[in-house]
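Please work through the exercises below with the model open beside you, trying each task before reading its solution.

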Amino acid sequence: MKGIVLAGGSGTRLHPITRAVSKQLLPVYDKPMVYYPLSVLMLAGIRDILVISTPQDVPVFQRLLGDGGELGLRIGYAEQPEPNGLAEAFVIGAEHVGTDPAALVLGDNIFHGPGFSGLLQRSIADVTAGEAGCILFGYAVRDPQRYGVAEAGPDGRLLSIEEKPAHPRSNRAVTGLYFYDNDVVEIAAGLTPSARGELEITDVNRAYLERGTARLVDLGRGFAWLDTGTHESLLEAGEYVRVLENRQGVRIACIEEIAMRMGFIDPAACYALGERQAKSGYGEYVMDVAKSFAG
């Protein structure tokens, strides 16, 4: 499966702090925001990843992440000059996806919870085996009318999906993580822009709903899903990460550690990555986990 991180947009809700820097490069406690969605794809076992951002921000992401080789990844880059909708990621990334299934994660979404890697890998296996054409991830929220809302049957089969409904049929918000079979490329290319001039991801999901091949995976209690699109939610996300890391002594979305534990790199390579950042607590942590894993 190929992965896409959509890290574009104008970040207007976070002005003035995003007037000079991409939202997805802002810090969420101890690391850039983009580390969190990138870590989701890595935990899913996805190693071939396309980062889509604005023309002015792509060089900064390249400077931060490089070609991914140090992490055992292959990271490419593409431009989205205007925020023309989430589904445009599959138009821009059509060559990257090729004939493979695809995963899309939004650059400002943070996921954290027990057993997440296994859940992701099982979902990918279902798509790859043809048991599902589309897998969405639902999260219970108190105010579902603010989100895209999905309704599913007991077997997880998607029954309905609505965008910001006045009277939601469920309290399951659709998160910014999507798994699709290869048909998504053709579906996205055939979309008509909505009234707001965007290629809507909800229209892609409806296409799979109509085919009867869409499923909803409930992230359930114990999971955290955070959207960092406002000043308040950005601060809350940073505080969430700070509290968990300080209490548990582990780092959330530490891409060097994940690369090692997933077998993308060995402990020596992980240690070397930490050594380059040794003057920071983050670098010290990377060296410590590499030594512990090797020992």
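A nonpolar core is a set of buried Ala, Val, Leu, Ile, Met, Phe, Trp, Tyr and Cys residues joined through side-chain atoms within 4.5 Å, where buried means under 20% relative accessible area, exposed means over 50%, and partly exposed covers the range in between (1.4 Å probe, protein chains only). The model is predicted, so local features need pLDDT of at least 70 and side-chain atom pairs count only at pLDDT 80 or more, while totals for chains, interfaces and linings use all residues. Residues are numbered from 1 along each chain as its sequence is written, and side-chain values use heavy atoms, with hydrogens and water left out.

**Exercise 1. The nonpolar cores**

Task: find which residues have the most contacts inside the largest nonpolar core.

Solution. Begin with the largest nonpolar core, which has 55 residues, and in which Phe116, Leu177 and Phe179 have the most contacts. Next, take Phe116 and list its contacts (heavy atoms within 4.5 Å); leaving aside residues up to four places away in sequence, Phe116 touches Val40, Leu43, Phe111, Leu177, Leu219 and Phe223. Finally, note that another core lies apart from the largest one, with 32 residues that include Leu106, Leu136, Ile161 and Val204.

**Exercise 2. Aromatic pairs**

Task: count the aromatic pairs, and determine how the rings of Phe137 and Phe179 are arranged.

Solution. A pair of aromatic rings is described by the distance of the centres and the angle of the planes. Rings of Phe, Tyr and Trp (its six-membered ring) pair if their centres lie within 6.5 Å, and planes under 30 degrees apart count as stacked, over 60 as edge-to-face and the rest as tilted. By this rule there are 8 aromatic pairs. For Phe137 and Phe179 the ring centres are 5.3 Å apart and the planes stand at 85°, so the pair is edge-to-face. Phe137 belongs to strand E8 (residues 134-140) and Phe179 to strand E11 (residues 172-180), so their pairing ties together parts that are 42 residues apart in sequence. Phe137 and Phe179 are both buried.

The rings of Tyr139 and Trp225, with centres 5.8 Å apart and planes at 65°, are likewise edge-to-face. Here strand E8 supplies Tyr139 and strand E13 (residues 224-227) supplies Trp225, so the parts joined are 86 residues apart in sequence. Tyr139 and Trp225 are buried as well.

**Exercise 3. The surroundings of Lys31**

Task: decide whether Lys31 is buried or exposed, and find which side chains make polar contacts with Lys31.

Solution. Lys31 lies in strand E3 (residues 31-32), and its relative accessible area is 3%, which means that Lys31 is buried. A polar contact is a pair of N or O atoms within 3.5 Å; within protein, one must be able to donate a hydrogen and the other to accept it, and residues adjacent in sequence count only if both atoms are side-chain atoms. The side chain of Lys31 makes such a contact with that of Tyr36 at 3.3 Å, and another with that of Glu245 at 2.9 Å.

**Exercise 4. Salt bridges**

Task: trace the salt-bridge partners of Arg169, and then examine the pair Glu257 and Arg261.

Solution. A salt bridge is a side-chain nitrogen of Lys or Arg within 4 Å of a carboxyl oxygen of Asp or Glu, and the structure holds 19 of them. Arg169 meets Glu151 in a salt bridge of 4.0 Å (N to O). That pair links distant parts of the chain, with Glu151 in strand E9 (residues 148-152) and Arg169 in the loop between strand E10 (158-163) and E11, 18 residues apart. Arg169 also meets Glu162, at 3.9 Å (N to O). Arg169 is exposed, because its relative accessibility is 54%, whereas Glu151 is partly exposed at 23% and Glu162 is partly exposed at 22%.

Glu257 and Arg261 form a salt bridge of 2.8 Å (N to O), and because they are 4 residues apart in helix H9 (residues 255-261), about one helical turn separates them. Glu257 is buried at 10% relative accessible area, while Arg261 is partly exposed at 47%. To finish, follow the shared partners: salt bridges join Asp30, Lys31, Glu245 and Arg251 into one network.

Technical notes:
Helices (H or I, at least four residues) and strands (E, at least two) are DSSP runs, numbered from the N terminus.
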